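Please study the sequence and the structure before reading each solution.

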Amino acid sequence: MTTDDTVVTPGSGPLSSPWRSRRFRLFFTARSASLLADGMLMVSMTTSVLAAGFGATGVGYALAAWMTPIVLLVLFGGVLADRFTPQLMMVGADGVRLVAMLVMAGLFAADGVRLWQVMALMAVSGAATAMFQPGLASIVPRVADDIQRANALLRIAESMATLIGPGLAGFLVAYGNLAVSFVVIAVAYGVSAGGLLPLRGLATAPDESGEPMWRRLATGWHEFRSRSWLWGVISLWAVYGLFVFGPSLPLGAALLTEQHGSTGYGWIASADGLGTIVGGLLGMRVRPRRPLVAGVCAMFFFALNPLAPALGWNFALTAATGVVAGCGFAFWGVMWATSVQSHIPLAVLSRVSAYDIAGSIMVIPLGRALAGPAAESFGADRVLLFSSAVSFVLLAAMLCVPAIRGLTRRDRPATDVPDGAGTPQTDPPQTDLPRADPPVPGPGKGRGGEPAAVEPTAAP
C-alpha cells in the first residue's frame, strides 16, 4: 500500500518521503512551473518594455504596477485562502495570470503597445499573485507528511527556476520575439493550474462561518501577534529588508559588474544559485532541535554577500562567498517555512502567512529606492559595509529573543484550535495527508511564544 492509500494522522509512525505522495508530486510540479514563470516574467517584461522604447522609467513604472497590488492585497489573499481553500484561490490566480500573459503577448505581437496597457496587465498579474502566495504555506502540510523535507525540495525547485527562468526568457527574446516569451510564461502558469486542480478536498473544508472580511483579518492578526517568536522575527526581518536586502541587490550588482565585468557577475550570481541548491539539500538532511536558531546561524553567512563587493575581493573568493551565502539563505528558508507550517494551525495558516509576507516585503522597495541616493552620498562600498554590519547585528538580536531561541522542532502540523474558537467542525480524514484543523469561527486566544518567499517572506 502506498502513502496515497494510507490515512496519516499527527503523531502516527515515522515520517514518509514526500515523493510517495501523489498530491505532493502534483503540487511540486505545479510550484516548479509557477516559479519558472515568475523567473521569466521580470526579464521578459524588462526586455519588452525597453524594446518598445519606454526606457528605464517605463520599466520602473511596470515593476511598481506589479508590486503595489501585492503589498496592498496580500492580506486579503490570506483571508480568502482560508475562506475558500488555498487550492481554489491558487488555481483562480493562475488562470488570471495565464490570461494576462496571453493578452500581453498579443499586444507585443501586434506592435503599437502602450505603457499603460503593460502597467494594467502587470497590475492584474500582481493582484493575482497576492491571491496565490498566502495559500502556499498552508498547502505544504496538507500534501506532505515530512514538512521539512517537502520545504527543502521546494527550495531546490525555486533555486533551479531562478537559474533557468531568466536565461530561458533571454533566449526566447533574443532568438524568437517579444511575444513568444509571454506565451511560454502563460503555458507555465497553465501547467501550475493543471497541477493544482486535482488537489480538491485538501484536508479541510472552506470556512463557512460567514464572518465579515475585517473580522477574519483581525483573527489572522491576533494569531500573528500572539506568538512572540513570529512577530519578533518579522519585525527584525522588516529592518533587514530595509538595510540589507534593499541595498544589496542594486549596489552589489553595480560593484560586482565594475570589478569583474558582466560575465564575472553572471558567474557569481550562478554561484549564489548553486549555494541555494546546496542549502536546500542540507535542509533535507539536517533536523536541528531548535530550527530557528540553526537557521539564524546559517544566515550569518549571508552577511558575506554585501561584504565581498564592498571590500573588492577577487573573483574566486567572491564566488565562494556567493556559494556560502546562498547556502545559508536557503537553509534559513527551509527552517523558517517548516517552523511556521508546523506551529500555526492550518485553519488560520494562510492568514498568518499573509501577515508574514506583508511584513517581510513592504519595506524592501523603499530600501532599494534609498540605495542610490545613499551610495551617491557615502559611496556604494560604505553602504554595503553598513548593510553587512546591520545583518550581523539583526541576526544576533534574533538569537537574543527567548521565544525565537527556545522554539523547538515539531515534525507534525499543529492541530490545536485557539481558545474560544467555538465548536470545531471536523472533516473526514483525507488520504496521504495529516488531519487538518477545524475552521476557526472567531478570534480566540492563540498560544503565546511561538514567522514562509517570497520566498520571499522571512522564508525569503
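What covers the buried residues of α4? This is a predicted model, in which local features need pLDDT of at least 70, side-chain atom pairs count only at pLDDT 80 or more, and totals for chains, interfaces and linings use all residues. Residues are numbered from 1 along each chain as its sequence is written, and side-chain values use heavy atoms, with hydrogens and water left out.

**Solution 1.** Helices are DSSP runs (H or I, at least four residues), numbered from the N terminus. Helix α4 comprises residues 115–132. Its buried residues (under 20% relative accessible area, 1.4 Å probe, protein chains only) include Leu115, Val118, Leu121, Met122 and Phe132. The cover over the buried residues of α4 includes α1, α2, α3, α5 and α7.

**Exercise 1.** Determine how α8 and α13 are oriented to each other.

**Solution 2.** Axes are lines fitted to C-alpha atoms over the stretch in contact, and angles run from 0 to 180 degrees between N-to-C directions. The angle between α8 (residues 213–225) and α13 (residues 346–361) is about 75 degrees, and their axes lie 9 Å apart. The two helices α8 and α13 are therefore roughly perpendicular (65 to 115 degrees). Contact (heavy atoms within 4.5 Å) involves, among others, Trp221 and Phe224 of α8 and Tyr355 of α13.

**Exercise 2.** Locate the bend in α2.

**Solution 3.** The bend at a residue is the angle between axes fitted to the seven residues ending there and the seven starting there. For α2, a bend of about 55 degrees is found at Leu73. After α2 comes Thr85, with a positive phi near 85 degrees.

Key. Expected span 1.5 Å × (residues − 1). Buried < 20%, exposed > 50% of the residue type's maximum accessible area, 1.4 Å probe, protein only. Parallel < 35°, antiparallel > 145°, perpendicular 65-115°, else oblique.
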